[in-house]
Amino acid sequence: YPLNRNSDDPVGWGMCHVPELRVGQLTLTNWPCHYREQHTEFQLFGIPFEKGKAVIAGLAALRRFKYVAFDSIEKEVELSLNEVFKPEQPDLWTQYSFSIEEDLGGNVLLFVKIPIAGKEIELQLDTGSGRGLAIAQELWEQIRKEVQHVRLRKGRDLYPYIGLLSCKRCVVPELEVGNRTVRNAKISVFPNDSPIVEQCSGMLGMQYFEDTVMVLDFEKELMWVKNPPGR
């Protein structure tokens, strides 16, 4: 059934019940789902030849597994229902603790503690986002001293079910994230009262892990990130 539209987001959305959804060898049954009344489409001379068929699996589904591994190098995702995560070479990995919380709206959120520019910060991890870091102005003031020669520019970021939000953006040539250096790290800075940062200091997207392997270990509540050689 359709839900109310946000005036800043022209795309309608709603909720529906999916009896069965097959993803590779995995079958999810009887899941309530959100949907959006839009799709991506590529055209050649005005003729559509490819349509997007993206499905975003929420944390409520992912946490049913022992672990979920995101291999951005091989473009693969591994979901383990029974086996726990045991890295073959533990010294190649860094661990970060996380916690899972539920808000008043029933949404399940994952918060991870990870150093950004040398400062340990608790951030909401959004594995469904290809963006980098979305933070409040207050947090930006704390880390900007470690980020040199960067200029913020006005912009707006679109978040599903919320709409377009005003922010300031920058791209940091090299940003220390945990035990790794992320190149061309994208950062969006929002006002302290923006709805995207009302429950946390910021959100961490998958752009910061596009050159490595990241694992969510739900058994031990740890996020594992593979380090570059020599670290």
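Analyst: N227 touches D91, L92, W93, T94, N179 and R180, with residues up to four places away in sequence left out of the list. The model is a predicted one, in which local features need pLDDT of at least 70, side-chain atom pairs count only at pLDDT 80 or more, and totals for chains, interfaces and linings use all residues. Residues are numbered from 1 along each chain as its sequence is written, and side-chain values use heavy atoms, without hydrogens and water.

User: What makes D91 a residue that N227 touches?

Analyst: Contact means heavy atoms within 4.5 Å. D91 is among the residues listed as touching N227.

User: Why is N227 called buried?

Analyst: The term buried means under 20% relative accessible area (exposed is over 50%, partly exposed in between; 1.4 Å probe, protein chains only). N227 has a relative accessible area of 9%, and is therefore buried. N227 is found in the segment after β16 (222–226). Buried residues make up 38% of the 231 residues in the protein chain.

User: How many helices and strands does the protein chain have, and what makes a run count as one?

Analyst: The protein chain has 2 helices and 16 strands.

User: Which residues line the largest cavity, and why is it called a cavity?

Analyst: On a 1 Å grid over the protein atoms alone, a cavity is a set of points where a 1.4 Å probe fits but cannot get out, whereas a pocket is an open set with protein on both sides within 12 Å along at least five of seven lines; lining residues have an atom within 4 Å of a point. A search of the whole structure finds 1 cavity of 30 Å³ or more. The largest cavity holds about 50 Å³ of space, and its lining consists of D126, S129, R131, G132, A134, Y159, M203, L204 and G205.

User: What is the volume of the second largest pocket, and which residues are the closest to its centre?

Analyst: The volume is about 360 Å³, that is, the space filled by probe spheres set on grid points joined across faces, edges and corners. Of the 18 lining residues, E78, F85, W93, V213 and K226 are the closest to the centre of this pocket. β5 gives the most to the lining of the second largest pocket, with 4 residues.
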